[in-house]
Every structure is written in structure tokens, then in C-alpha cells.
Amino acid sequence: MHYLLTVIGDTDNPADDSAPGAIDAFNDRLKDEGRWVFAGGLTDPQDATVTDSRGGEPVFTDGPFVESKEFLAGFWVVTADDLDVALALSADASRACHRKVEVRPFGGVA
Amino acid sequence: MTDPAPGSDEALTRVHREEWARVVATLARRFGDLDIAEDAAAEAFATAVERWRTHGVPPNPGAWLTTTAANKALDRIRRESRRGTKQRQAHMLTDQLAGPPEPEGAVEDERLRLLFTCAHPALAPEARIALTLRLVGGLTVAEIAHAFLVQETTMAQRITRAKAKVKAAGIPWRVPSETDLPARVDGVLTVLYLVFNEGYLASSADADPVRAELTGEAIRLTRLVRELLPDDGEVAGLLALMLLTEARRSARVSAGGELVPLDQQDRGAWDQELVAEGHALVRERLASGRPPGRFQVLAAINAVHTDAADARDTDWSQVVALYDQLVRLDPSPVVTLNRAIAVAELDGPHVALAQVDTLSAHLAGYHAFHATRADLLRRLGRGAEAREAYDRAIGLAGNAAESAYLTRRRDQFGPAR
């Protein structure tokens, strides 16, 4: 199965980035174990633009679609046999990036 | 003990209790779907009740139920695949069914897998309880809804959602790895302990103060876990704790519906058979020489209490020493509060009160904190403060028998000034 590990940023409680090599080491491990699909860190939510074409012509709006103290800071897409494996990975991911991590299965992968 | 008459309600209930979890677990394994397993098991039991009332219970009811339930599940899958929805899945499942039958003995592991699935940490605590009672305990949705005082539709949704998450999120069907096992067993035991406590001290004023159907079910399921994990010390500890608590049940509420504290209970009314079984389990754990977990220490504390023929004979220094051990395992304010109650007996109420008062920041919303303070203040002759503390305890207490006890104690101080 494919799981999305979402890194949750928190404006009130910014991450401690004192161990910058930890994420690289975790990424290398994912690749070695054949679990890596894709991953990336995002820039500040204020850099976001929201597009809405539901009315026909696209409308562009500055800023994230929802303002909140917690925001999407980055993500991993990994393969894991089941939720226990994905949860074990997310525990190490949270330790590596020093943020909360949400685990969600993909309903389908193109 | 004599066997109940074949075909009687008692015989049917016994088969239901003994076979339900096995049937659900076997089907869940075979079809990879808790929903199908639950529905098919329920249908098979309904068919069995009709047939066995007139024909009597067959010699191997478990096998009969499993076969019948598997056929019902296959019918459902074929029906759904005819509608074109789950064709591929049904095909796969039928292929699986054609494989060799499960070896004997593996079935025990299936029930264990079912328990670990139902108590999985990725599910909400209330969902774990509901799922365990439904799929392992075989209680109906209506019974579980009644036990937890929610609408039947709410409980049905909770169970449906939990089953859907198990499937969609890929919660695995297996006994956890050795490194995860202690934490996961603790998760299963916590679910059973919550069920027991809700039965032993119902949290709502609308419920009966003590509900033997819940304490009994919790003990039955803990016995099952012990059967499946006989070497786990915490499983033995929780079972001992439940038995030593359940032994006091009939002495715990007075004829007038008031909670009776431990030191005032009629100890002759305690169930000596349960006490003996609980003590034997505690001795077994002590003899193992392995460091105990929290349930074993709690069981040992209850063993000291139930060992005293009179409340005045209680070995309080032993109780405090065990609480010291418990604080090291679980340094929570509630454990410190309970330790202080024992300290009051050993070192006096003024020492205990000083310890209790340090907890006010954490426990101001907990009725037992105020009830403990009230009792200590009463013993120190500080009536006005005791009265105030009883008021706060009554305001927060949910259990009807406990409220009745606290109210009588408060009113001994006369009308409010």
C-alpha cells in the first residue's frame, strides 16, 4: 500500500532543526529499504496561491486555502505492507523532522 | 456442574459465548473483511438458534457455526459480485477458499489477532472498546449502546467507521512483532480494564451504580486473553485485579443504594472463591521473580486488602510500599492521590492532606480528589472545609451510589451555614 506521511508545521511551536542530517539519513534509509516513492519540504504557506476554475474562468487568490496555526510543511510518500509498518516509519519520520506527522493511506495511486 | 439441557436458552447462550469470537476471527482471516465476518457470524447464530431450539445443539457447534457462517459470507459475496461490484474480489476470495484448510491450533492465534486488531492504537479509544465488545465479546450493538448510554445508531456508526478504518488504513491481521508486543498487549488490557471500570463504577447518574454484565464480560474476555497469552505477567495481573475487585461487588453498595467504602464493607459477604483465585494469581506472579507492571502492582495492593479479615488488620506499610512501586511505573497525579489515602492510615491524615493538596492543579475536576480531601478534613475535625469539599465532590460525581454516600457524609455536618 501507499501511505502519505504529512509533516505538520506549527507556528506556535516551530521545529527544532538542530539535527539537520536526520532527515537525509531517514531518506537514505527509505531508499535502501525500497520504501521511498517521493518526498519534499514546502516553503511557507504564505507563498501559496489558490486557483478556482469551478466558475469557468480561473480565479487566483493569494495565500493558503485555510489559515491556521498548523499547516502542511512537507510530506513523504512511502510504500508499506500495512499500517503497522507505516506507523513505525512515521515514528522515525517525526523524530527526524521534529514535527508531528499524519499518516494516511492512498485510496488509489495513478 | 451439570450441562444445560440441549436446545435450552442456557445451552444456546453458552455456545454463543464460547464460539462467537472464534467464528468471527476465522471468517475475518478467510475473507479479509471484518464487516463480512461480523454479519455472517450474526446470521449463522440466528439460524442456529432457530434450528437448535427444536433439534438440539449438534456435537460440534463451533464447526457447524463456522461452516454455516462461511456459506453465508460466500452467498453475500456472490450476490454482490452478481451486481458487478466486487467481482474481482470475490474471485480472489473463492480461490483462497479452495486452498488447504487451516491447521488446528492456528485458530487460537486468530482470536488473538482479532483482539489486537480491535484494540489497535490507530483507532479512537471508544472505538476500540466498541469493536472489542462487538467482535470479540459478541455483545449486540444495542447492548453496547445501552452500556455506554449512547443511541444505538451512534454506536452502530462508531463500529461501522472503525471497521472501515481497519480496512482502508491497512491495519494488519497479525500478532504484533516482539518489540511492539508489550505496548500492544497493554493496549488490549487497557480496553478491558476500561470496560471493567465502567461496570464497577458507572460514570453516569442514569446508569445502575454497578453493572455486573460489564464486569462479568471484562473478566470473561481477560480470561480469554490469559488463555491465549498464558506467560504474560500483566495479563495475569489484570485478571487478578479484576477478580479481587469483583469479589467485593455485593458488599460495595448498601441495601439503601449507597456506596460502602472498603473499611466499612461486610467482609463476610466477599466472594471467597474469587479472592482465592486472585490471590493465587498474585502469588504466581511473585514467584516468577520478574519485575511487575502496573496491573500486577495494583493486583498486589488489592491482595493485601483482601487478605485482612478486618479493615483494622490491613498491612498499610505494605500498601504504601506497593504504591511507591506503582508511582515509579506510573507517576500520575491519580496514583499519588491513591497513595495518599494509604499514607493517611500509616502516618495520619495531616501528612496525607499535605500530599493531596499538592495535586489540586491537576485534579481539581476529579470527584475523587475532593472526596479524599473531604474525608481527610473530616478526620482532622475541620468541619466547614470538609463540608465544602463534599459539596465539590458531589457536584462532580456521576455515580448515583457514590453521590448518595457523599451526600450523607456531608449532611452529618448539619445544614449549611
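Which residues of helix 20 of chain B are buried? The model is predicted; local features need pLDDT of at least 70, side-chain atom pairs count only at pLDDT 80 or more, and totals for chains, interfaces and linings use all residues. Residues are numbered from 1 along each chain as its sequence is written, and chains are lettered from A and ligands numbered from 1 in the order in which they are written.

The buried residues of helix 20 of chain B are B:Ala386, B:Arg387, B:Ala389, B:Tyr390, B:Ala393 and B:Ile394. They cover an arc of only 165° around the axis, which puts them on the same side of helix 20 of chain B. A residue counts as buried if 20 or more other C-beta atoms lie within 10 Å of its own, as exposed if 12 or fewer do, and as partly exposed in between, with C-beta atoms placed from the backbone. The arc is that of the directions from the helix axis to the C-beta atoms. Helices (H or I, at least four residues) and strands (E, at least two) are DSSP runs, numbered from the N terminus. An α-helix has 3.6 residues a turn, so residues three or four places apart point the same way.

The face of helix 20 of chain B turned away from the buried side carries the exposed residues B:Ala384 and B:Gly395. The buried residues pack against helix 19 (367-379) and helix 21 (400-411) of chain B. Contact here requires C-beta atoms, placed from the backbone, within 7 Å. Helix 20 of chain B (residues 383-396) has 14 residues. Its span from first C-alpha to last is 20 Å, close to the 20 Å expected at 1.5 Å a residue. The expected span is 1.5 Å times one less than the number of residues.

Chain A contains two helices and six strands. From the N terminus on, these elements run β-α-β-β-β-β-α-β. The C-alpha trace of chain A spans about 45 × 35 × 20 Å along its principal axes. Of the 110 residues in chain A, 19% are buried.

Four strands of chain A form an open sheet in the order 2-5-1-6, with antiparallel pairing. Strand 2 (36-41) and strand 6 of chain A stand at the edges, each with a single partner strand, so one side of each is left without a neighbour in the sheet. The twist averages 25° from one strand to the next. Strands pair if DSSP finds at least two bridges between them. Strand 1 (residues 2-10) and strand 5 (residues 70-79) of chain A run antiparallel and are joined by nine bridges. Within this pair, A:Val7 has A:Gly74 of strand 5 as its bridge partner. Helix 2 of chain A packs on the sheet and touches strand 1, strand 5 and strand 6 of chain A. The direction of helix 2 makes about 150° with that of strand 6 of chain A. Axes are lines fitted to C-alpha atoms, for helices over the stretch in contact, and angles run from 0 to 180 degrees between N-to-C directions.

Strand 3 (residues 49-52) and strand 4 (residues 59-62) of chain A pair in the antiparallel sense over four bridges. A:Thr49 has A:Asp62 as its bridge partner in strand 4 of chain A. The two strands form a hairpin with six residues between them. In the turn, A:Gly56 has a positive phi of about 110°.

Notes: Contact = placed C-beta atoms within 7 Å.
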